Amino acid sequence: MSATAAIATRHDWSLAEVRALFEQPFNDLLFQAQSVHRQHFDPNRVQVSTLLSIKTGACPEDCKYCPQSGHYNTGLDKEKLMEVQKVLEAAAEAKAIGSTRFCMGAAWKHPSAKDMPYVLEMVKGVKKLGLETCMTLGRLDQEQTQALAEAGLDYYNHNLDTSPEFYGNIITTRTYGERLQTLAYVREAGMKICSGGILGMGESVDDRAGLLIQLANLPEHPESVPINMLVKVKGTPLAEEKDVDPFDFIRTLAVARIMMPKSHVRLSAGREQMNEQMQALAFMAGANSIFYGEKLLTTANPQADKDMALFKRLGIKPEEREEHADEVHQAAIEQALVEQRDSKLFYNAASA
Ligand code: SF4
């Protein structure tokens with residue numbers, strides 16, 4: 001198959017196929033990913049979300065990467081569930097600086113019956129401000145999922161983190177099966193899914209492939225696929241892990257783009273550790289979503305104005321709300337295809 005041929009949306013990826021994608025020469029992989037990207041998206045638009053921690057720390061789960069786990073001593077200031085009004089003020093600020101989606105994260109194993117009414121009020125209030133809403137609250141039962149959908153929640157974030165085989169090395173307080181069950185409830189309730197993983201936890205390339213296979217072989221691809229680079233926090237068991245090779249990180253973004261051509265691939269946690277050149281390469285590999293704002297849950301996120309300055313230098317514009325995949329303007333796609341055909345860079349890569 002030529003690198004520019006259209007790739008159908010598939011749900012039957014095998015490990016051998018995904019390994020072969022990872023093993024391609026870097027330029028060939030990036031060319032293929034960028035070609036797929038241009039078939040579905042305006043290549044110069046990036047979706048921008050803001051993330052707010054609405055309940056911080058003391059989480060009963062033992063995710064080895066997470067400073068919010070109550071199992072590790074990271075010196076994190078714990079905070080109870082925020083007041084609804086404060087959340088709405090933060091959402092209004094996020095909208096004012098250009099975010100189109102507001103993600104609210106709570107460090108829970110699962111939401112309690114006592115907390116649900118507040119959470120539902122947050123969803124309704126943020127929605128009224130004209131923002132897309134996203135939440136990450138841990139495991140959900142069917143009733144809670146339905147209530148969130150009825151309140152107007154657009155996205156539910158529930159990461160698979162890594163491959164099923166490697167999962168037990170990272171988390172022992174829940175199972176992969178439980179994660180998949182919550183994702184199934186979210187789909188049944190008609191909400192969109194945000195689900196991805198983390199690189200740099202000591203996993204193998206096959207584990208990275210295994211994670212992407214789990215996501216891409218779901219009955220529907222997650223609309224949003226965050227690919228995180230481990231942020232090593234002192235006090236967590238993964239604080240001394242080896243750095244991920246930046247090119248391996250970019251490769252994973254590119255493979256995710258090829259396997260889930262219509263999903264937003266999000267350059268997520270760890271962006272603070274990436275220089276501008278690496279971020280530009282990530283956009284080239286098909287990443288088209290970022291978190292924006294001062295904090296990414298509890299770890300620093302590059303300043304919003306720095307992001308906008310980089311966008312300007314790269315000729316990237318923030319994506320308008322709901323302007324994605326099937327809804328993206330046809331004219332923009334056509335323009336992108338013309339640019340792709342005419343681009344010297346692509347000509348060179350294709351001839352290599
Ligand atoms: S990643 Fe989420 S579930 Fe795991 S410890 Fe952190 S807050 Fe809890």
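In the predicted model, D248 is partly exposed, with a relative accessible area of 28%, and its side chain meets that of R251 in a salt bridge with an N to O distance of 3.9 Å. Both residues belong to helix α9, where a spacing of 3 residues places them about one turn of the helix apart. R251, by contrast, has a relative accessible area of 18% and is buried, because the cut-off for burial is under 20%.

Helix α9 (residues 246-259) also packs with helix α10 (residues 276-284), the axes lying 9 Å apart at an angle of about 25°, which makes α9 roughly parallel to α10. The crossing of α9 past α10 is right-handed. On the α9 side the contact is made by P246, F247, F249, I250 and L253, and on the α10 side by M278, L281 and A282; by class, this contact comprises 8 nonpolar residues, with no polar and no charged ones.

The count of salt bridges comes to 19. Among them, R139 pairs with E178, with 3.8 Å between the closest N and O atoms, and this pair links distant parts of the chain, R139 lying in the loop between β3 (132-136) and α5 (142-151) and E178, 39 residues apart from it, in helix α7 (residues 176-188). R139 is partly exposed at 32% relative accessibility, and E178 is likewise partly exposed, at 28%. In a further salt bridge, D115 and K114 bring their closest N and O atoms to 3.6 Å; here D115 is buried, with a relative accessible area of 11%, whereas K114 is exposed at 63%. Finally, a network of salt bridges links E61, K109, D161 and R174.

Technical notes: Residues numbered from 1 in each chain as written. Predicted model: local features only at pLDDT ≥ 70, side-chain atom pairs only at ≥ 80, totals over all residues. Heavy atoms only, no water. Axes fitted to C-alpha atoms, helices over the stretch in contact; angles between N-to-C directions. Helix = DSSP H or I, 4+ residues; strand = E, 2+ residues; numbered from the N terminus. Parallel < 35°, antiparallel > 145°, perpendicular 65-115°, else oblique. Left-handed = near helix turned anticlockwise from the far one by under 90°. Contact = heavy atoms within 4.5 Å. Nonpolar A, V, L, I, M, F, W, Y, C, P; charged D, E, K, R; others polar. Salt bridge = Lys/Arg side-chain N within 4 Å of Asp/Glu carboxyl O. Buried < 20%, exposed > 50% of the residue type's maximum accessible area, 1.4 Å probe, protein only.
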